[in-house]
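Please look over the sequence and the model shown here before reading the briefing that follows.

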Amino acid sequence: MFGSVLGAFTPSFAALGGKAWRIPWRLSKTRKANVRKRLREVDDVIDVLSVSGIECKQLVLAQALPKEHEMSARDKYTTFSRTAKNHRKGVHKVPHFTKRPIPRTTPAGF
């Protein structure tokens, strides 16, 4: 009755956790492009800081990480998860993935 009236606020199937309609199954082309763009922007900031002569431990650690063009697609669009079937899950399944840094390396053995 109220499904057509409420639009975006329609309830989801409870057996699917109630959030099935919010998270897409796979990343779209534009979301992938935005992930790559954010990674490149972080690379640019690291380059600018290293050229400016600032020295700190976090900058040295950030310089050791692979750049966006050196990363595989698996590392760009998925992240390590202890609970997932293959220990990987799509980065878009992570809450607030646009605000949190995407881990550029995986734990040893995964």
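By class, how many nonpolar, polar and charged residues does the lining of the largest pocket have? The lining has 14 nonpolar, 3 polar and 4 charged residues, where Ala, Val, Leu, Ile, Met, Phe, Trp, Tyr, Cys and Pro count as nonpolar, Asp, Glu, Lys and Arg as charged, and the others, Gly among them, as polar.

This is a predicted model, in which local features need pLDDT of at least 70 and side-chain atom pairs count only at pLDDT 80 or more, while totals for chains, interfaces and linings use all residues. Residues are numbered from 1 along each chain as its sequence is written, and side-chain values use heavy atoms, with hydrogens and water left out.

**The largest pocket**
- About 380 Å³ of space lies in the largest pocket, the volume being the space filled by probe spheres set on grid points that are joined across faces, edges and corners.
- A pocket here is an open set of points on a 1 Å grid over the protein atoms alone, where a 1.4 Å probe fits, with protein on both sides within 12 Å along at least five of seven lines, and lining residues have an atom within 4 Å of a point.
- Of the 21 residues that line the largest pocket, V42, I46, P101, I102 and R104 lie nearest its centre.
- Helix α2 gives the most to this lining, with 6 residues (helices are DSSP runs of H or I, at least four residues, numbered from the N terminus).

**Packing of α2 and α3**
- Helix α2 (residues 29-52) and helix α3 (residues 57-64) pack at an angle of about 125 degrees, with their axes 10 Å apart; axes are lines fitted to C-alpha atoms over the stretch in contact, and angles run from 0 to 180 degrees between N-to-C directions.
- The contact (heavy atoms within 4.5 Å) is made by I46, L49 and S50 of α2 and by L59, A62 and Q63 of α3.
- By class, this contact of α2 with α3 has 4 nonpolar, 2 polar and no charged residues.

Technical notes
Helix = DSSP H or I, 4+ residues; strand = E, 2+ residues; numbered from the N terminus.
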